[in-house]
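Let's take a walk through a protein together. Keep the sequence and the 3D view open beside you as we go.

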Amino acid sequence: MLQDMLKQQQNGERGKKEQTRRERSKNFEPHNWKPLSVKQLAGMSAFERSRYMAYEPVPKDIQEKQAMALVRVRAARSVGRKHDQLTLGELIEAEQNDELIGQMNAAEALQRTTKTRMDWERATSEELEHLIASQPTAMKAVRLETMMSMGTHPVSLQLLTKAECNRAQALLEDSTGYTVARTV
């Protein structure tokens, strides 16, 4: 019996020691046992210095920045949770809305490019008409119109007969104006 009491007492003491060790381990903060000077730190290799600095207390400005970063992360997570709380139907509707908006933007872009192209074509045709109208003679005007319209709207000579086609070619090739020269 005495031995049992002694064993219980020893077990109780062990339990107390373990409990105090546990309490100590909960409150334990790692730290360097030997403080080093700046000169000694500079003499260490990068690996030794990083190992030493891992157990140094974090400066207050860095702690503040870490706290601000943690606040931003938590805010971002809360926004993500709001998005996660959407139902499947709402998510599908949101995707369809995004797709419709994309299609509308594409249609607007197509309209803008079409309008720009039509404006350019109108401006060039007006400029060409002005150049043709400002020619001193009708023959130069016809020649200019024929040459300038080749790139945009080719003149169809299929409407003319063979004789009319030859006459039009002769008029166009006559640079001196002998074919149509008239004396009054």
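Before we start, here is a word we will need: two residues are in contact when they have heavy atoms within 4.5 Å. Keep in mind, too, that this is a predicted model.

Begin with the overall fold. Buried residues make up 7% of the 184 residues in the protein. The protein exposes about 17,100 Å², and carbon and sulfur atoms supply 58% of that area. Now think about contacts between residues with a separation of 6 or more: 33% of them in the protein join residues 24 or more positions apart.

Next, find Arg-143 in helix α6, which covers residues 138–152. Is Arg-143 buried or exposed? Its relative accessibility is 18%, and buried means under 20%, so Arg-143 counts as buried. Which residues does Arg-143 touch, once we leave aside its neighbours within four places in sequence? Arg-143 is in contact with Leu-171, Leu-172, Glu-173, Asp-174 and Ser-175.

For a contrasting stop, move to Ala-54, in the loop between α3 (46–53) and α4 (60–84). Ala-54 has a relative accessibility of 55%. The cut-off for exposed is over 50%, so Ala-54 counts as exposed. Finally, look from Ala-54 to His-31: these two residues are 23 residues apart along the chain, and their C-alpha atoms are separated by 8.6 Å.

How values were computed. Residues are numbered from 1 along each chain as its sequence is written. This is a predicted model: local features need pLDDT of at least 70, side-chain atom pairs count only at pLDDT 80 or more; totals for chains, interfaces and linings use all residues. Side-chain values use heavy atoms; hydrogens and water are left out. Buried means under 20% relative accessible area, exposed over 50%, partly exposed in between (1.4 Å probe, protein chains only). Accessible areas come from the Shrake-Rupley method with a 1.4 Å probe; for residues, only the protein chains shown count as cover. Helices (H or I, at least four residues) and strands (E, at least two) are DSSP runs, numbered from the N terminus.
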